[in-house]
Amino acid sequence: MQSSVRHFTEGLAALQAASAAVLRLASVALLLAFPPWAGAQAPAPDAPVRFGILPLGGAFESRSDWDPLLAELSRAIHRPVSVLSVNSYEALEQAIQRDEVDMAFLSGKMALDAVTQRRMKVVAQVVRHDGLPGYRALLLSRKAPPLNTLKNLLDQPDRWRLARGEKQSVSGFIVPQLQLFLPNHIAMETRFQSEIVGTHQTNALAVANSEADVATNNSADFERFRLRFPAEAGRLQVLWESELIPHAQIVVRREYPAELRSRVQAFLTAYGRGKGPRGDAERVVLKSLHDLAGFVAADNSSLQPAARLAYQLAKQNAVTAQWVNDAARQARLQRIESGYAEQVSVLKDVTP
């Protein structure tokens, strides 16, 4: 009897996997025939360009930092530019899904989703003052024992209180999960005593003020944190750092004419490069924007490392998760491979 039930269960799982594969193929065929942006209308020539800002620090702080640059961008493209500054990745992601954002400053997974799912195109990538092609994810803890060594963290994660970024955050969640925790059989969402989800600034403050024991962060934001909160930063140490992560991108809706996207790109790549008082003033603005040195021209292909990271994380999760049977696991892995192939295809579009 048990053998019959087992065979029935496995047969049902295989049938469900096959049905899912057929539905996926049909969905892909429809997507290719009728892409989601095919019927989208180009914005009116005098409509404001709505600029979404990735939440780094507070919403008001981020908006104040970007206002001078966006005012000059408005003059350069001869269109008004309005600002959407939010307190979370999720809020910005939802605004993009509701088509309330035309241009945005995004990193990693959010930029990837905007390009592959929400009719956006990459026009520029940020450059930092250190000249490196990226930044690093960090783990921060207090300097004082006992919860202050990486070995203790990996040996007994259930003793530690975690402060992390949202799941869309590359340095706040994706990279630490992929490069450190999952290889050590630790799932960030379930293995710690408790967790706080917030911005890099609030998470670092939580550890400094003993409200958490370890926090995810990144090298760029922690450098900024040291300048703004020197006393609190003095209580912290870096437990771990990741490989280099590519910098954030500026994305623009596909519906905008190529000529307008080119003007946006030209403005950004020239910003802060000039000589004299105007160039000096622009460089001051860039420094306030998380110590940027400027922007370089970029296209969708710049998101290939982000796609690879998301693919590796999804695959790692699928391999380590518990499944009803191997057929279900293989079906999930096949969907991951297929989805990654679709993303790579979209990212090959490098037209202006």
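## Close-up views of a predicted model

**View 1. What lines the second largest cavity.** G108, V170, I245, P246, H247, Q249, S302, L303, P305, A306 and L309 make up the lining of the second largest cavity. This is a predicted model, and its cavity count comes to three at 30 Å³ or more. Which helix gives the most to its lining? That's α12, with three residues. Strand β9 (236–246) joins α12 in supplying at least two lining residues each.

**View 2. Helix α12, residues 304–320, and its packing partners.** With 17 residues, α12 stretches 24 Å from first C-alpha to last, close to the 24 Å you'd expect at 1.5 Å a residue. Which of its residues are buried? They are A306, A307, L309, A310, Y311, L313 and A318. A306 and L309 turn up again in the lining of the second largest cavity. As a general point, an α-helix has 3.6 residues a turn, so residues three or four places apart point the same way. The buried residues of α12 pack against α4 (108–117), α6 (170–181) and α13 (326–347).

**View 3. The six-stranded open sheet.** Follow the strands across and you get β2-β1-β3-β10-β4-β11, with mixed pairing. The edges belong to β2 (81–85) and β11 (292–297); each has a single partner strand, so one side of each has no neighbour in the sheet. On average, neighbouring strands here are turned by 25 degrees against each other, direction ignored.

**View 4. Strand β3 (residues 103–106) and its two neighbours.** Where do the side chains of β3 go? M103 and F105 point one way, while A104 and L106 point the other, and all of them are buried. With β1 (residues 49–53), β3 pairs in the parallel sense over three bridges, and M103 is the bridge partner of F51. With β10 (residues 249–253), β3 pairs in the antiparallel sense over four bridges; here A104 stands opposite V251.

**View 5. The five-stranded open sheet.** The order this time is β7-β6-β8-β5-β9, again with mixed pairing. β7 (194–197) and β9 sit at the edges with a single partner strand each, so one side of each is left without a neighbour in the sheet. From one strand to the next, the twist averages 20 degrees. What joins β5 (residues 134–142) to β9? Eight bridges do, and the two strands run antiparallel. One spot to look for is S141, whose bridge partner in β9 is Q237.

**View 6. Two helices lying across the five-stranded sheet.** Helix α6 lies across β5, β6 (161–164), β8 (214–218) and β9, and runs at about 90 degrees to β9. Helix α8 (residues 219–228) lies across β5, β8 and β9. Its angle to β8 is about 105 degrees.

Terms used
Residues numbered from 1 in each chain as written. Predicted model: local features only at pLDDT ≥ 70, side-chain atom pairs only at ≥ 80, totals over all residues. Heavy atoms only, no water. Buried < 20%, exposed > 50% of the residue type's maximum accessible area, 1.4 Å probe, protein only. Pairing = 2+ DSSP bridges. Axes fitted to C-alpha atoms, helices over the stretch in contact; angles between N-to-C directions. Expected span 1.5 Å × (residues − 1). Contact = heavy atoms within 4.5 Å. 1 Å grid on protein atoms, 1.4 Å probe; cavity = no way out; pocket = protein on both sides within 12 Å on 5 of 7 lines; lining within 4 Å. Points joined across faces, edges and corners; volume = space filled by probe spheres on them.
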